[in-house]
Amino acid sequence: MENNFKMIAKCLYEFEDELAKELRELGAMDIHKGVRHVSFVGDLGFMYKANLSLRTAISILKPIFSFKIRNEDDFYNKINAFAWENLIDKNGTFAVESTVNSEIFTHSRYVVFRTKDAIVDRFRDKFETRPNIDTDRPDCQVSVHIDRENCEISLNTSGEPLFKRGYKTATNIAPINEVLAAGLLLKSGWSGQCDFLDPMCGSGTLLIEAAMIACNIPPNINREHFAFQKWEDFDENLFQIIKDSTLKKVRSFDFDIKGYDKAPSAIEKATQNIENANLSDFIKVERQDFFESFKTSERHLHMVFNPPYGVRLDVDIPEFYSKIGDTLKRNYPGTSAWFIVADLEAIKHVGLRPSRKIKLFNAKLESRLLNYQIYEGSKKAAKQ
């Protein structure tokens, strides 16, 4: 137990429940949900496993110390007093990131600069030399979180955000974030127990995340690097053991995962990304206009998609969303259809009553994840 320590997994707004469930299933201890984060306890091996396996986490932080702040000088002095030389080599590299909700500090960039100054000044005073700043792949990535007068300093164990899975080399105009895609799928109840369709698949993110959930493939298995791999206590053998054990839990999938898009360029990009993720055996993509498509099987179909918002892709919102509703109603019986909408006025044009409506954010756009249950025949007949 003495080798266990507290960690914090950061997530998108409204995905705390999904992240907490993932952590429980992985075997985390002492799980507590916050706002856009979930704290938990585990050991070094669990830190590796969390980075490899969590679908809805943006990053995994390891808190190292916390304190109360009264003013800017107080903040600088407490950062400067910490023994950074035990974590950062004087000839090494580091970077600083921050999130701030405070009256003392109003700009997160200023907090980054003051933290950097406090660390650098300590090294100069002690060694007359200093580590360099490297924002791309530092030896140590320091995370500062200020909430009013409370300040928590952590090490970012992940490095680049965990939505950078390592499989996406080709994107479209409005790609969906991989962590958001996985979160939408988990919120929709997708677990790989039926056929799946993304009828507006773009560069294939939802398809890839759906296949990884269905087959229980660790979402970050394709990543080349995590920040903890540059730490002095990095255990290469333990990391390989954890990696191998997660891959042993991969399972087979007996249904179809399909993607449509009417743009040839999108199909080309999706195909490339699916190949990068080593999932070509599980996912089929084809050029097809959703509005001219039909359900191809009598089996139950789970559909999740990210239609154009009219923000980065120009669409006639009333006409477009009316056609979505008509296509679902006429051509897709026996389907649970989920899609995310940022133009809240668009919902009324679908012409169907959603059975669920979940508030989310896609980047900074307030959105809704909608669910429409399309029954075989009439709704009344389906319930008999």
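Analyst: Arg36 is found in the loop between E2 and E3. Helices (H or I, at least four residues) and strands (E, at least two) are DSSP runs, numbered from the N terminus. This is a predicted model; local features need pLDDT of at least 70, side-chain atom pairs count only at pLDDT 80 or more, and totals for chains, interfaces and linings use all residues. Residues are numbered from 1 along each chain as its sequence is written, and side-chain values use heavy atoms, with hydrogens and water left out.

Start with the backbone. Phi of Arg36 is near 60°, a positive value in a residue other than glycine. Most residues other than glycine have a negative phi. The hairpin of E2 and E3 has three residues between the strands. Strand E2 (residues 29-33) and strand E3 (residues 37-42) run antiparallel and are joined by three bridges. Two strands pair if DSSP finds at least two bridges between them. Met29 stands opposite Val41 in E3. Arg36 counts as partly exposed, at 42% relative accessibility. The cut-offs are under 20% relative accessible area for buried, over 50% for exposed and partly exposed in between (1.4 Å probe, protein chains only).

Asn278 takes a positive phi near 60°. Its place is in the loop between H8 and E11. At 60% relative accessibility, Asn278 counts as exposed.

Seven strands form an open, mixed sheet in the order E11-E10-E9-E12-E13-E15-E14. Strand E11 (283-287) and strand E14 (356-362) each have a single partner strand, so one side of each is left without a neighbour in the sheet. Neighbouring strands are turned by 20° against each other on average, direction ignored. Axes are lines fitted to C-alpha atoms, for helices over the stretch in contact; angles run from 0 to 180 degrees between N-to-C directions.

Helix H8 (residues 264-276) lies across strand E10 (257-261) and E11, at about 165° to E11. Helix H9 (residues 317-331) touches E12, strand E13 (335-341) and strand E15 (365-374), and makes about 170° with E13. Contact means heavy atoms within 4.5 Å. Inside the sheet, strand E9 (residues 195-198) runs parallel to strand E12 (residues 301-305), with three bridges between them. The bridge partner of Phe196 in E12 is His302.

Phe196 brings in the aromatic rings. Rings of Phe, Tyr and Trp (its six-membered ring) pair if their centres lie within 6.5 Å; planes under 30 degrees apart count as stacked, over 60 as edge-to-face and the rest as tilted. The count comes to 29 aromatic pairs. Trp190 and Phe196 form a tilted one, 5.0 Å centre to centre with 55° between the planes. Phe196 is buried at 1% relative accessible area, and Trp190 is buried at 3%. The rings of Phe226 and Phe228 have centres 5.2 Å apart and planes at 5°, so that pair is stacked. Both Phe226 and Phe228 are buried.

Last, the domains. Their bounds come from an automatic or database domain assignment. The chain is divided into domain 1 (5-156) and domain 2 (178-216 + 251-374). Their centres, taken over C-alpha atoms, are separated by 35 Å. The contact takes 10 residues from domain 1 and 13 residues from domain 2.
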